[in-house]
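Open your viewer and get ready to select residues. Each stop tells you what to pick next and what is there.

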Amino acid sequence: MYKKQMTAQRFLCLAAIIVSAIFFLYTLGLMTDLYDSLYDTMRNPNDPLKTDVPGSILYYAMQEFNKTLLMLSIGQILLGCLLFITNTHSRRRYYIGNFVATALFTVGAVYNTVYAHINIEEAKRQFLNNIDFAALKEHAEMWGTLYTESTFWFDAHYVVFGLLVVVSALLVANVFWKVSLMKDEAALVAEGRRSAG
């Protein structure tokens, strides 16, 4: 049973790094469509309120959030690395550092998911309700810029953060599995000592 559990924990620690990297890549792509379609609508960068497309200020409004999300994604990658630094991926018995690393990764994942969801859903709402799409289409045709009503980058956060939460939940489940096996092993050792004595 230990062999299966060890294989699972190696896979989960690797998956933690992978989904953290996906989170990072997502933050880099989140503003892509907004930049391509809205940035050029603001003719005076010093005054983003002067725009050809009402509502395009959303591009500027999301800058600070996107910067924060990028920092959080780097933090999540570092928490994933902590799993390897504490040998959580290869340790037969868990020690306090392994429990702390798993807890920190999980807490970070939950916090980042909630923070991202709240802000991305609000940005999506503003995109759909505040952008004058008729003006955006006219601008795109005139200047050869992107016209899109797609919410792909907003909606993709369900997949990205869903994966992050699933991996975190499996890491926690792995901890319980590990603790159960450690207790069984300790009971077998104690039984062997009693039999030998």
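Select residues 63-85, helix α4, and residues 96-130, helix α5. In this predicted model, the two helices pack at an angle of about 160°, with their axes 9 Å apart. Angles over 145 degrees count as roughly antiparallel, and α4 and α5 are therefore roughly antiparallel to each other. Look at how they pass: α4 crosses α5 in a left-handed way.

Now show the side chains where they touch. On α4, the contact residues include Phe65, Leu72, Gln76 and Leu83. On α5, pick out Leu104, Phe105, Tyr111 and Tyr115, among others. Which classes of residue make up the contact of α4 with α5? There are 14 nonpolar, 7 polar and no charged residues.

Next, select Asn87, in the loop between α4 and α5. Asn87 is partly exposed, with a relative accessible area of 30%. Asn87 and Thr51 are 36 residues apart in sequence, and their C-alpha atoms are 53 Å apart in space.

Turn to the aromatic rings. The model has 13 aromatic pairs. Select Tyr111 and Tyr115: this pair is stacked, 6.1 Å centre to centre, with 10° between the planes. Both lie in α5, 4 residues apart, about one turn of the helix.

Move on to Phe127 and Phe154. This pair is tilted, 5.6 Å centre to centre, with 50° between the planes. Phe127 lies in α5 and Phe154 in helix α7, so the pair ties together parts that are 27 residues apart in sequence.

Last stop: select Phe23, Tyr26, Phe152, Trp153 and Phe161. Ring pairs link these residues into a cluster.

Notes. Residues are numbered from 1 along each chain as its sequence is written. This is a predicted model: local features need pLDDT of at least 70, side-chain atom pairs count only at pLDDT 80 or more; totals for chains, interfaces and linings use all residues. Side-chain values use heavy atoms; hydrogens and water are left out. Axes are lines fitted to C-alpha atoms, for helices over the stretch in contact, and angles run from 0 to 180 degrees between N-to-C directions. Angles under 35 degrees count as roughly parallel, over 145 as roughly antiparallel, 65 to 115 as roughly perpendicular and the rest as oblique. A crossing is left-handed if the near helix is turned anticlockwise from the far one by less than a right angle, and right-handed if clockwise. Contact means heavy atoms within 4.5 Å. Ala, Val, Leu, Ile, Met, Phe, Trp, Tyr, Cys and Pro count as nonpolar, Asp, Glu, Lys and Arg as charged, and the others, Gly among them, as polar. Buried means under 20% relative accessible area, exposed over 50%, partly exposed in between (1.4 Å probe, protein chains only). Rings of Phe, Tyr and Trp (its six-membered ring) pair if their centres lie within 6.5 Å; planes under 30 degrees apart count as stacked, over 60 as edge-to-face and the rest as tilted.
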